[in-house]
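Have a look at the structure first.

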There are 2 protein chains.
Amino acid sequence: LKRVAESTIRRLSLYLTALEEIDARGARTVSSEELAQLGGTTSAQVRKDLSVFGSFGKRGLGYSVSELTARLRTILGLGRRWRVCIIGAGKVGAALAQYPGFPERGFDIVAVYDTDPARIGERWGELKVRDAASLETDAKRLACDIAVLAVPAAAAQKMAERAVAAGVRAILNFVPVQLSVPRNVAVRNVNMAVELEALSFALTNRG
Amino acid sequence: LKRVAESTIRRLSLYLTALEEIDARGARTVSSEELAQLGGTTSAQVRKDLSVFGSFGKRGLGYSVSELTARLRTILGLGRRWRVCIIGAGKVGAALAQYPGFPERGFDIVAVYDTDPARIGERWGELKVRDAASLETDAKRLACDIAVLAVPAAAAQKMAERAVAAGVRAILNFVPVQLSVPRNVAVRNVNMAVELEALSFALTNRG
């Protein structure tokens with residue numbers, strides 16, 4: 001499992017979502033054609049994607065929904081729960097703290113940090129916004145795997161470095177800044193400005 | 001301007017964000033090295049990216065911040081305002097309707113739709129949630145360029161088709177479904193499950 005293309009992981013994730021829908025409909029098996037349709041690809045691509053991780057399914061019988069779901073969850077690292085801290089308690093941080101997809105997928109938000117004295121101490125459900133100054137001293141007790149970064153652009157790189165120093169090994173970055181982190185730290189960028197500008201570029205240049 | 005790689009558009013967008021920060025600091029010129037650092041790339045890449053769109057900057061003098069900002073805004077289609085409708089008035093739709101980045105970047109939300117009678121008629125600031133049944137009849141009057149899709153997965157493809165039939169030429173898709181649309185319709189996917197699973201995959205497989 002050294003190098004798996006990002007696009008493959010993305011499709012595995014879409015197959016998993018599709019399987020959950022298929023399961024909710026009560027179906028027990030699924031064909032690569034059905035998965036392809038729901039994942040926006042071809043059945044050959046589905047078989048190729050899945051074959052990377054071993055043999056699945058039986059020729060002509062399709063895949064068992066429950067087996068394939070379990071295998072995909074294991075491949076994607078969803079067989080356990082992850083500890084997440086949110087850094088930046090502004091609007092984006094607040095929206096994310098309420099996002100039901102986090103706990104549903106096994107991501108538990110265990111802390112929220114900010115540097116603004118007006119926000120520190122605020123109650124967010126079961127959490128209380130903590131002073132970002134305690135990021136390092138909290139590290140051992142909280143043992144966050146993932147930091148969700150939602151701070152002003154000027155603070156992003158520094159906060160990312162502090163999160164990594166505190167033991168975080170993955171960052172979900174909502175700040176429109178390209179972070180520079182050690183190679184063993186995974187970063188995913190969610191950047192609304194980039195998405196919007198890709199659309200306006202397409203609208204402008206396709207006429 | 002036929003084919004420009006997605007990764008190039010993404011970097012142009014990051015350069016623009018960087019230029020706005022540089023401008024806020026009061027600087028009048030910027031070097032390709034500085035842009036490279038802020039955009040997480042190399043100065044050679046910056047020069048290559050910009051050269052695709054004509055000649056910018058003077059050797060040894062760097063780029064004029066105001067000129068380059070204006071050129072990037074034009075390239076990215078930000079020289080005008082875009083009309084956006086949100087389809088799906090649930091939590092995601094509500095969070096997006098309040099996102100200040102939309103109007104700041106020239107994206108005006110002109111309508112919100114839902115199919116749930118309990119939501120139709122709700123006041124959202126200056127907007128009122130409209131019945132999705134009126135999507136087609138509203139089309140001419142509202143003339144939406146972009147649809148933001150935030151509906152349940154089972155409704156996504158059908159709603160995307162209706163939005164396209166109503167004249168939308170770009171979709172920002174928050175639903176974890178691969179949409180199938182005509183080639184002249186631009187789609188960008190923002191999929192939190194995919195991002196989270198990419199991180200858990202990386203955490204699991206990098207050890």
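What covers the buried residues of α8(A)? In this predicted model, the cover includes β3 (82-87), α7 (135-142), β7 (146-149) and β8 (170-173) of chain A. The residues of α8(A) that are buried are A:A156, A:M159, A:A160, A:A163 and A:V164. An α-helix has 3.6 residues a turn, so residues three or four places apart point the same way.

The helix length checks out too: at 1.5 Å a residue, the 13 residues of α8 (153-165) of chain A should span 18 Å, and the end C-alpha atoms are 19 Å apart, which agrees. Just after α8(A), A:G167 has a positive phi of about 105°.

Now to chain B, where 7 strands form an open sheet with mixed pairing, in the order β5-β6-β4-β3-β7-β8-β9. Because β5 (123-124) and β9 (186-189) of chain B each have a single partner strand, they stand at the edges, and one side of each is left without a neighbour in the sheet. Inside this chain, β4(B) and β6(B) pair in the parallel sense over 3 bridges, with B:V112 opposite B:V129. Helix α7 of chain B packs on the sheet, touching β3, β4 and β6 of chain B, and its direction makes about 160° with that of β4(B).

The elements of that pairing and packing are listed here.

| Element | Residues |
|---|---|
| β4 of chain B | 107-114 |
| β6 of chain B | 127-131 |
| α7 of chain B | 135-142 |

How are the two chains related? Chain A superposes on chain B by a rotation of 180° with 0.0 Å of shift along its axis (RMSD 0.0 Å). The two copies are thus related as by a two-fold rotation axis. Of the residues of chain A, A:A95 comes closest to that axis, at 3.4 Å (C-alpha). The copies meet through the same surface, because 100% of the interface residues of chain A are also interface residues in chain B.

Note on methods. Residues numbered from 1 in each chain as written. Chains lettered and ligands numbered in written order. Predicted model: local features only at pLDDT ≥ 70, side-chain atom pairs only at ≥ 80, totals over all residues. Heavy atoms only, no water. Helix = DSSP H or I, 4+ residues; strand = E, 2+ residues; numbered from the N terminus. Expected span 1.5 Å × (residues − 1). Buried < 20%, exposed > 50% of the residue type's maximum accessible area, 1.4 Å probe, protein only. Contact = heavy atoms within 4.5 Å. Least-squares fit on C-alpha atoms with pLDDT ≥ 70 in both. Pairing = 2+ DSSP bridges. Axes fitted to C-alpha atoms, helices over the stretch in contact; angles between N-to-C directions.
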